Amino acid sequence: RQMCIRDRIFTLLMLLCTISVFAANAAGTYTGRLTISVDGGTPTVKDGQNVIVTESDIVTLTIPDFSYSGYPKADVVITASKDATGNLTLKTIKYGFLRLSAKFDDGSKVSDSNCNISLAISAVLQKIEVTFVGTK
């Protein structure tokens, strides 16, 4: 039996709704491994680190109690926006009173169940590499 046009349209609409639900399902908490290295030195690895993605596609990564170049410990808070395909664009990066510049490396992405972040931060003539690999 052939499907009538109404059944075909209904099936197509159901498929599109299902795709939309999966595409919008990136919000939540991703838990994984955070790796930080300064100027290519021995990396510091922290398991159980979280990245939070909100319903409005804002991605937040907090590196707690970060100590850098003799400065007192402070949280580094990185916020980014996520586009429809999961690619990230840096919004802000805060570490005490230091002004930092940073850039996401290619492949930094948040999908339905995976979060992969690679970020190069420039601060006080040093390069800090931050990577996070986690799942929801």
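A residue is classed as buried when its relative accessible area is under 20%, as exposed when that area is over 50%, and as partly exposed in between (1.4 Å probe, protein chains only). By this criterion, 29% of the 136 residues in the protein are buried. The structure is a predicted model, in which local features need pLDDT of at least 70 and side-chain atom pairs count only at pLDDT 80 or more, whereas totals for chains, interfaces and linings use all residues. Residues are numbered from 1 along each chain as its sequence is written, and side-chain values use heavy atoms, with hydrogens and water left out.

The protein contains one helix and nine strands, assigned as DSSP runs numbered from the N terminus (helices, H or I, at least four residues; strands, E, at least two). The order of elements from the N terminus is α-β-β-β-β-β-β-β-β-β. With contact taken as heavy atoms within 4.5 Å, residues 24 or more positions apart provide 38% of the contacts with a separation of 6 or more.

Strand pairing requires at least two bridges found by DSSP between the strands. Strand S9 (residues 126-135) is antiparallel to strand S1 (residues 28-38), with eight bridges between them; Gly32 has Gly134 in S9 as its bridge partner. S9 is also antiparallel to strand S8 (residues 114-123), to which 10 bridges join it, and Ala123 is partnered by Gln126. S8 and S9 form a hairpin with two residues between them, and Val124 in the turn has a positive phi of about 45°.

The largest nonpolar core has 28 residues, among which Tyr30, Val51, Val59, Ile63, Val110, Ile117 and Val130 touch the most other members. At least two core residues come from each of S1, S2, S3, strand S4 (71-82), strand S5 (88-95), S8 and S9, and S8 gives the most, with five. Such a core is a set of buried Ala, Val, Leu, Ile, Met, Phe, Trp, Tyr and Cys residues joined through side-chain atoms within 4.5 Å. Gln49, located in strand S2, is buried at a relative accessible area of 10%. Beyond its neighbours within four places in sequence, Gln49 contacts residues including Tyr30, Leu34, Leu61, Ile63 and Phe132.

Three salt bridges were identified, each defined by a side-chain nitrogen of Lys or Arg within 4 Å of a carboxyl oxygen of Asp or Glu. Asp47 and Arg33 are joined at 2.7 Å, N to O; Asp47 belongs to strand S2 and Arg33 to strand S1, so this pair ties together parts 14 residues apart in sequence. Asp47 is exposed at 54% relative accessibility, while Arg33 is partly exposed at 44%. The side chains of Asp57 and Lys82 meet at 3.5 Å, N to O; because Asp57 lies in the loop between S2 and S3 and Lys82 in strand S4, the pair links parts 25 residues apart in sequence. Lys82 is buried at 9% relative accessibility, and Asp57 is partly exposed at 27%. In the salt bridge between Lys127 and Glu129, the closest N and O atoms are 3.1 Å apart.

Positive phi values also occur in loops. Asp57 has a phi of about 65° although it is not a glycine. Asp39, in the loop between S1 and strand S2 (44-53), has a positive phi near 50° and is partly exposed at 45% relative accessibility.
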